[in-house]
Every structure is written in structure tokens, then in C-alpha cells.
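Q: I've got a fold open in my viewer and I'd like to learn how to read its cores, strands and pockets. Can you walk me through it?

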Amino acid sequence: MHYQFPHNFWWGSASSAPQTEGDSLNGGKSATIWDHWFSQQPSRFHQQIGPAETSGFYRHWREDIALLKQLNHNSFRTSLSWARLIPDGSGAVNPQAVSFYNQLIDELLAQGITPFINLFHFDMPLVMQQAGGWENREVVNAYARYADHCFQLFGDRVKHWFTFNEPIVPVEGGYLYDFHYPNVVDFRRAATVAYHTMLAHALAVKNYRQRQQGGEIGIILNLTPSYARSEHPADKQAANIADLMFNRSFLDPALRGSYPPELLTLLKRHQQLPLCQPGDSELLAAGVVDLLGINYYQPRRIKCRDSLVNPDSPFMPEWFFDHYEMPGRKMNPYRGWEIYEPGIYDILTLLRENYGNPRCFISENGMGVENEQRFAQHGQIQDDYRIEFVREHLQWLHRGIAEGSNCLGYHMWTFIDNWSWCNAYKNRYGFVQLDLASQQRSIKKSGEWFARTAAENGFPVNIFP
């Protein structure tokens, strides 16, 4: 007996330009906020490893695509670098970048691998951030022009586009919790960044549809289900507010073209709404996606607050809830995240029952582990823990599809061990091990398992690994 997946199911993995390309200040590329922040505060980066070289994809792309083929990928997601393609953010296109991305796309297609291309993965060009970043509507317009250049240059071959990956992360990291540049703690500015990001998304969607290139455009959201500690009304309301702020703040405009009224009422009550302009509502309504990418890693456990809010503290989401550590939870101790496989099923069920069952796919799911070299035997990482992680999530994904969810594929994070923001290479996620010193690539046990699974479009029940 097999867990068999639908015909033409997308098997693959995901990556991003800033985390894999390297050559971050070469090839005509300008600095991003990561290059700048690392130059200013290298101590905030694990082992002081910055974004300069990352995984060398800019130089090793042909070799890496051959490995994707060996892993039986039929699809692969990466991102384009705005700072590489348009170094000053809004002016001339860099011919070296056009050549690189053309070669990359053409080679993927030549190997039978469908390119899924994302336009923005946390890597704001520094010149755009210096102009105000997503707080400035001129940057929103510059992004829309960048996106349109991408459609014009590559849209004849790329048929699966995504405007943003996890757009809430720059909001949380850069404007609430101080783990991304520009390290601001200000909810109203965070709300403005979130709002303008969705306006930028909608402009890109509108531009793409006007070109009529025969493809589809979507967005990739990290959906983290909010589970209440108990059925007590206070716990349930706390979980509802967490869901409004962290999930529905992007999910509703992406799938419904508007924001949840309950969220708007809450923010208005606390004077945290961003400024709106005439025409914004119509623009947002035009940004409803063709395809939703779902990044799922962990659940969010929520309980009501047990203490009063400090009235002098900055307004934060945690004014309305506390995080709850569920007893007996399964953990990935290296990343500090709970492993809860049914969450992937719960997301699909929510989308089917409340959002019209949109076309979607799992665009990221993965397990980062520290010091994986200790699991090496005969020159190969024996990452049985990763095989188990993927297999158990796929079982719940299979159940969701069997019940009617319109999920079209599964992409693992990630293909090759990659640089991860402030964590650098602390936790490894890849199907392929990267030796940073030699740049040698070697397939882990999980990569071999995934290649078999993709080839068979499924895997046997109760046989591991």
C-alpha cells in the first residue's frame, strides 16, 4: 500500500537569491539591507558569517541544477534579486543579471524542471531602504516597475510567479521584534510596511495580468495556525487575535482582496491603522492570487494574558495574548520549534472550508539541525530525522488532498544547505550537504529518499526510512 499523490504533483524544493547566490557585491549587484547590516553589526550574525558568498549558486548553478535533476525535482522555486537586476532600485537593468537569470531559467527548463520564481525574499536593495523602504509609496511603485521588468524579460518561459515570500517576516523582524534591519520597534510603522507590501503585491499582480503571458501569479505566506490553550473564551479570543495579526493580515487580502473587519476595528481602537488613499481598496481587490504558496514549520500555541500590560510599553501584538508551551510537545531542539505534523492538514482544511478551496501548494516545510556532520557515515549524512519529518508531514498532506483540498505540490526547504539570515549556517536544512571551504556538494540520505518518493509519486505506508 502506498501514499499515492495526484498526477502531475509538484515535487521540489525552495531557495532564495540572497541565501544561495553569493557574489553579493559582484556581477553588477548593489548592496541589500543584509550587506549593509552585516557591515555595521557583524556580531549579530552567527560566527560573523555574512551574505557575501552564501552557497555559491551564482557560480555553481549548472552543477546545482544537475543535482536537482538527480533528486527528481519536477519544479524548483528560487527568487530574483531586485538589487542584482536593477542595482539602483528603479533605473537601468543590469545586463549581467539578465544573462545569469536567463541561463538559470533555460537550464531548469532543459532539465525538465519547472521554474517557480519569486520576486522578493526579504532582500530590500539598500538604496530603496534609504528612501524609506516599504514605508514609502515611491518604493512600492519602484517594486511594481521591477516586477514588470521581470515579467517582460522572463515571462515567456516562467509561468509560475510569486510577488513575496513570507511578507510578514520583514514586518515582524524589521519593525516589531528587532531581528531584521532596520531594527525599528513601532507597531504603526509595522502596519504601514505590511499595508504597503500588499499594495505592492496588488500592483505586481495587476501588471502581470495586463501582459497576458499565459501563466499565473501568487504569493507565498508562512501560515502558522494559532491553537488556543483551552476552550475558555479568553484563550479562544487570544488565539483569534493572534490569527488575525499573524495569518489573516496577509491571507485575507491575498485570497479575498480585503482585510478582516475585526482586525481593522482592533487597530483603529488603538490608533494603529496605516494611512489609506483613494483607490487603495480597488487595488487590493485586484490582487487576489491565482495560486497560494504555504510555508509551514510550526504551530503557534496561545493563551490569554495572565498579567496586565505595562501602559508605557510599545504597543505590540502580545498586548492581547501570551505564548503557551504545550506539555508533551515534540520539539526540534536545534531550532527551538515545535514539530506538529497535523498543522499542515489543519491549514488545508481551513482554506477549503473558509476560503473557497484555492489552488495552493506547500511551498516550504523543513527541519534545521545543528552540527549534522556528527551523523555522517561513509561520507554521507544519515539524516533519518529529516526523512521522518518529511514523511509524516506528507501523510497529513495526503489526508487533506483525499478530503478534497486543492493542494498541488510539496516543496522542501531547502535543496542545499544555505545561509540563513542571522543564523548563517548554524542549522542545516538541505537535501544536499555543502562544504563551505571546498564548495563540494554531496547528497544526504534524505535526498535519496526524496528522489525515490518523487519518482514513485508517493511512498509505502509504514516503511521507514
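Q: Which residues of the largest nonpolar core touch the most other members?
A: A nonpolar core is a set of buried Ala, Val, Leu, Ile, Met, Phe, Trp, Tyr and Cys residues joined through side-chain atoms within 4.5 Å, where buried means under 20% relative accessible area, exposed over 50%, and partly exposed in between (1.4 Å probe, protein chains only). Here the largest core has 137 residues, and Trp-82, Trp-134, Tyr-143, Trp-161 and Leu-397 touch the most other members. H9 supplies the largest share of this core, 14 residues. Helices (H or I, at least four residues) and strands (E, at least two) are DSSP runs, numbered from the N terminus.
A: Before going on, keep in mind that this is a predicted model, where local features need pLDDT of at least 70 and side-chain atom pairs count only at pLDDT 80 or more, while totals for chains, interfaces and linings use all residues. Residues are numbered from 1 along each chain as its sequence is written, and side-chain values use heavy atoms, with hydrogens and water left out.

Q: What is Trp-82 in contact with, leaving aside its neighbours within four places in sequence?
A: Contact means heavy atoms within 4.5 Å. On that basis the partners of Trp-82 include Trp-134 and Tyr-143, along with Phe-120, Met-124, Met-128 and Tyr-146. Pro-87, Gly-89 and Pro-125 are also among them.

Q: Which strands pair with S8?
A: Two strands pair if DSSP finds at least two bridges between them. S6 (residues 216-222) pairs with S8 in the parallel sense over five bridges, and Leu-221 has Ile-294 as its bridge partner in S8. Four bridges join S8 to S13 (residues 360-364), also running parallel; there Gly-293 partners Phe-361.

Q: And what does S4 pair with?
A: S3 (residues 75-79) and S4 run parallel, joined by five bridges, with Ser-75 opposite Thr-114. S4 also pairs in the parallel sense with S5 (residues 160-165), over three bridges, and Asn-118 has Phe-162 as its partner in S5. Four of the five residues of S4 (114-118) are buried.

Q: What volume does the largest pocket have, and what lines it?
A: Rolling a probe the size of a water molecule over the atoms shows where empty space is left. On a 1 Å grid over the protein atoms alone, a pocket is an open set of points where a 1.4 Å probe fits, with protein on both sides within 12 Å along at least five of seven lines; lining residues have an atom within 4 Å of a point. The largest pocket has a volume of about 1100 Å³. Its lining has 39 residues, the closest to its centre being Glu-172, Phe-179, Gln-298, Arg-335 and Trp-337. H8 gives the most to this lining, three residues.

Notes. Points joined across faces, edges and corners; volume = space filled by probe spheres on them.
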